[in-house]
Structure formats: structure tokens, C-alpha cells
Amino acid sequence: MARRKESDRAQQNNEDSDSNPNDELDEEPNFDDPEGYEDDISEQDLMGDLIRQRPKETDGVESIVVIDGVPQVGPERIEKLQNVLRKLFQKFGKITNEYYPLNADGSTKGHVFIEYSHANEALEVLKGTSGYKFDKNHTFTVNLLTDFEKYNDILDKWENPVPQPFKEQGCLQYYLLEQDACDQFSVVYEQGDKVGVYLNTQPEPTLLEERPRWTETLVRWSPLGTYLATFHAKGIALWGGEKFQQIVRFSHPGVQFIDFSPCEKYLVSFSPLADSRATDEPQAIIIWDVLGGLKRRAFNADKSQALPIFKWSHDDKYFARMGIDMLSVYETPSFGLLDKKSIKVQGIRDFAWSPTDNTIAYWVGEEKDTPARVTLLELPSRNEVRVKNLFSVADCKMYWQKSGDYLCVKVDRYAKLRKDKSDIKYSGIYYNLEVFHMREKQIPVDSVEIKETIQAFAWEPVGTKFAVIHGEPPSTSVSFYEVKTGQTPTMVKKYERKPCNQLYWAPSGQFIVLAGLRAMSGTLEFVDTHDFTVMNTGEHFMATDVEWDPTGRYVATAVSWWGHKVDNAYWLWSFQGRILKRVGQDKFCQLQWRPRPPSLLAAQQIKDIKKSLKKYSAQFEVKDRLKMTKASKELVEKRRKLMQEYEDLRKLKQDEHAAQRRRRIELRNNVDTDETEGRGGELEEETVEFFIKEETTFIDE
């Protein structure tokens, strides 16, 4: 509360003591501030909550939308028009008022004013219905009422905007020019306090950049490797260039998850706590323009949805989100709904984009007598190019091949179904793999039945094979199938009793790592699927992660501090399973290879290079030998330098020890302990024994 000066208080007390007590009954109390009153507390500090609720000039106006292009009808059809429009616009929020201007004859003028309870609901109407085709003769044009004032206030004289100074970012793709095509990788360690970026040179990785507190949780590379994203309490930062300078920042407090679009044009950030804050604008999910750093659109989050909430098409033209009985597809750069409306899909359970085409695969669960189905939907035409009905389905999971040539749907089928009041129980579960041949006419579908539990599935990224881990540990098996045009997938190899639970194909195909992570103690098996030769086996005890480098030449295995609190380290292997380097780091958390963009060479050019690779192998071998010789010399020189530094330090400490000898003797009662140390035979040894306790135990005979 407000404070008074001490002199004012004393004066007031004197006045109170001189006054007649009976006067208090006759006079009303005086609440006026006395002369000299000082108030050092602002209204904001005193009544901040109330001030924030203070009405504004724009209250009520911001929540009004004006819809033009409405049909002009006579008095007898106004009620029907109102019902149709009300049904359309109620989907966006609570309508508190609506006004239909009329002509003198009682017919509508062709525009409507609708007021919502909140301004953000009016914004959703603007995004969702502007350009909406009501019928073949009427298309809506939607504006906020406040837009009219904004356009009214445009200056008569144009003022040129002040040009912003150009900020040189350097070459963001410099890492692709590395002469020996060595890849970079990032390492987070010391419980996230340090981040390092390394170049995978041989025999020792080269440290390019190391910074303390570069991120607060983890780091993530963009899909093409252009940016390194770091997480902070206030948002996300992107770094790039040779010196990893900051390129752009995105302010999103509490962000915990991000997702780049495949072409790196957009970034989606998700803050799970944002919707709990009292704000008019959605804050949980924000889509950003990466180059401009601008916020393009925000959405509210549904806590029941899995991450990522939005899934992108391969070319960044579309992104989609699944809702209850609907699939919402948005287009860029407008960020509005495709054709201004969502796709109604009763009972939709999951969906996935093709990695090479604007085609969505989604599946719908069973409902009463209606079977489950998998549908392939082309966009933007919304044409269903293939529908596959499935019976006795408990669950489905979809796997696209990286080249987009095939889609495999793993179908969990049941023999019996039992429904309780709040639960559904399945028995007699078996599995089918439904393989869609996307490049063939009418998209034929082949089926592979597997009776055992499927633990893992993975397509060969470049090729026609897929691998499946099936069975129950420790008797799991690994089967390889090959898909050929016009033929049912055929099993080409089966490994019995393999201790693995994950499959990791090399990015270029052919080579695969069968890994038994976490509970399986980190067993590794390196297989060449050209002739199914087991090239090598190894073990990284309690390994939690396996990462191939982008070229498929090296594999990194890691024991992350996030998953296991001891033996934290990462190991580097060749693709043939030969261990190259073991690196132990305190509280090591994460290793990520820097991705590379797709090759600019055509498929035939890559094929020709592989055929003629033997011509160049001799040159590469000579270069590798020279490099290893140079590396060996550098390693010997490094060790010699370290040994010399140790000898110099040892001599320095010996000299210090000798210089302090006289002082040591004085401190030790003139006893030269330097002479007696290590000569235990010349010292007297005294043994002292003392009584601790006595115990008596009786033994029955």
C-alpha cells in the first residue's frame, strides 16, 4: 500500500489527540490524501491482474468477420440461408451475434457480419473459408472487420522501406567439398554440457568445433545437413557455415520437439506446455519459414496424438495431420487447408506419405460388419488409386521403401475377438505382410504370411529386399525376402536363432547390421546380402544406438548416458565389422552423423560407376596407403611430443622437490625422511595390541 512521510504521520497524530471524541460521531471520515503524499507503487504493480483484463478499444471488433459473396435471396429464403451459413461457420467457434444487411425490398445484400466469442476463432474462419466455393456461382471472400480500418489508414505517399544490411552466412554446403569425402558427426557429452563436431578422418577423428552449453538438451541435423539445430529454454537456434555461426533463431518457450520439412524450407516446433498458458493465439505447434525466420502458422495440440503431429510430402508442397474421423491436408505457402476442407475418413487410424510422390497411404480400422482397409490417395486430386480390404485386423503398420517403389503394410490379424466393457482382447494373433507394387499397372498387392511375432521390419533403402525379425527371444530368426516385378516376394535367406532385435541397413543398401541392443547386451552381426556372407561379428556391451554414416562406409555404435549410466562411449566400425576406434567420454549422450543431400547423378550414371570401380580401386589403395603412412608418422610425432612434455614436467617437479628439501627437514623435526622412504628395514616397527571385547558361546554336545 501507499506510504506516508513520518512528518505527516506525526502531524496527523497530533490532530487526532486535540480533536473532540464526540466530533467523530458527527463528521464523516476523510479519505483524501494529505498534502505531501508520496506514492511509489505503480498501478501495474498494484493491480496488474485487473489491468490486464481492462477493456480495449478493439475488444469485440477483432472477433467480427465480414463474409462477401453470399447469395442474394428474398425474404422467404433468408431463414434457410441463415441455417446453412450457421452450420458452416459454427465449426470454427461459438457465434455470439450475426447480422444480415437487407435492401429496401427485404432481400439480402450479399454480405454478412458474424461475431465470435474470441478473436482467434475469427482468425480460423479467415484461414479456413476465404475463397470457399459455396456453390458454382458464389465464392466467399472473408475479412476481419479491423482490416477495413487498416486499409483505410494507408498513407497517401509511399515511403520506401529501409533496406536491411546483408549478412554474409558463408557457404552452408562447404562440407560437401571435403577432398576425401569424410563425413562429419556431432557428439553431445558431459550430460549435455558440451557439444563437439568432428570430421571422420583416419586414424583419428578431427575436432572441428567444440562449445560448452551449446544446447540445453540435444542437437539435431536438418535432413540435408545444412543446419545444426540446438534446443534452448526460449526456443530453437540454427547454426551453419565453416565456423558454425548462428543463422537464425526461433522463439518458442518450452520447445521439446522439432521436425524439418524434407527440403528444409520449414521447421515445426512443439511446446507441450504452451496450450496451458492463457493466450488468444495457439502456441503449442508453430511452423516457421527457415530462410526468413518468420512464423507462418500456429496450431493447438491434441495430447493424444503421437509425434510428429504433422507429416510432410517429399517436396514440401503439403503437410497433413490426422484428426478424429478426418485427415487435414494443408498446402504451402498459403498454409491453408487443401480445397478449404478436410478429408472425411471414418475410423482413420494412421497415415504415411510416399517418400517420392504426393501419395498418402492410410488405413481404417474395422467397424461392425465393415472390414478394415488400406487406401492409397493421390493429391491434390484426392483420387483413390488403390483400396485393399483386410479382415480380422487388430493393428496395422505401414513401411514405405525409400525409393517409393514399394509399400509394405504389416497386418496383425486375430483368430478370436473378445469384447469387454472397456477393452478389446485378441487371441490367436498371426501376421501378414501386404506388399504394394507402386510402379506396376493397377498396383498389384502380394501377401506374405508369418505365424510368429514380428519384432522388426526394414526395407533395403536402394534395392528390392526387405528383412524381418520374427519369433520370441532368445529363439528369434531373421528372414530376407526379395520382391520382383510380377512375382510374389520370395524368401532368399533365413538365419535361425539370432540374438537381435533391430535391423540397420546401409544407406546405399546391400549391407546390414543385425543388432541386439539394450537387454541383448549389444551383439552385432555384419552381413553382406549380395551373397549373405556374415562378414564379421562383434559386441558393444549394453549398446543403445547404431548409426550408419551417409555414405555407408562406417557404422557408429553407442552407449548413451540417457539409456545407461555406465560405460558411456561410442565406437566406430567399418562396414565390414572391423573395429576402428573406441572413444569413451564422460556422460556421453548422443552421436549423429551429418546427412548429405541426394546425389545429382542419374541412376544409370551411378550404375556405370559401380561397374568401372575396379579401374579406380588401385588409385584409391595407393592414396589410402600414403594417408596411413602420413598418419602413422603424425601419430609417432604426436606420441614423441607427449613423451617430451612428460619428461620436461617430471624434471621440473624433481627440481622443485630438491629445492624444498631443507624446508621439509625443518618441518619434520630435523628428520630427513627423503633418505628413509623406501628403506623399511632400517625403521623400527612397533606393534600395539589392545582389548576390544570378549564373547562367550556355548555349544551343545
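Reply: A term comes first. Strands here are DSSP runs of E that hold at least two residues, and they are numbered from the N terminus. The model itself is predicted.

Start with E190. This residue sits in the loop between β7 (184–189) and β8 (194–199). Its phi is near 55°, a positive value, and E190 is not a glycine. Is E190 buried, exposed or partly exposed? E190 counts as partly exposed because its relative accessibility is 28%. Buried would need a value under 20%, and exposed one over 50%.

Move on to R213. The loop between β9 (206–212) and β10 (219–221) holds this residue. R213 is not a glycine, yet its phi is positive, at about 50°.

Now turn to the cis peptide bonds. Where does P333 lie? P333 is in the loop between β20 (326–331) and β21 (336–337). A cis peptide bond links T332 to P333, with omega about 5°.

Next comes P474. Look between β34 (465–470) and β35 (477–482): the loop there contains P474. The bond from P473 to P474 is a cis peptide bond, and its omega is about 5°.

In the model, the chain over residues 632–663 is 97% helix and 0% strand.

Key:
Residues are numbered from 1 along each chain as its sequence is written. This is a predicted model: local features need pLDDT of at least 70, side-chain atom pairs count only at pLDDT 80 or more; totals for chains, interfaces and linings use all residues. Side-chain values use heavy atoms; hydrogens and water are left out. Helices (H or I, at least four residues) and strands (E, at least two) are DSSP runs, numbered from the N terminus. Buried means under 20% relative accessible area, exposed over 50%, partly exposed in between (1.4 Å probe, protein chains only).
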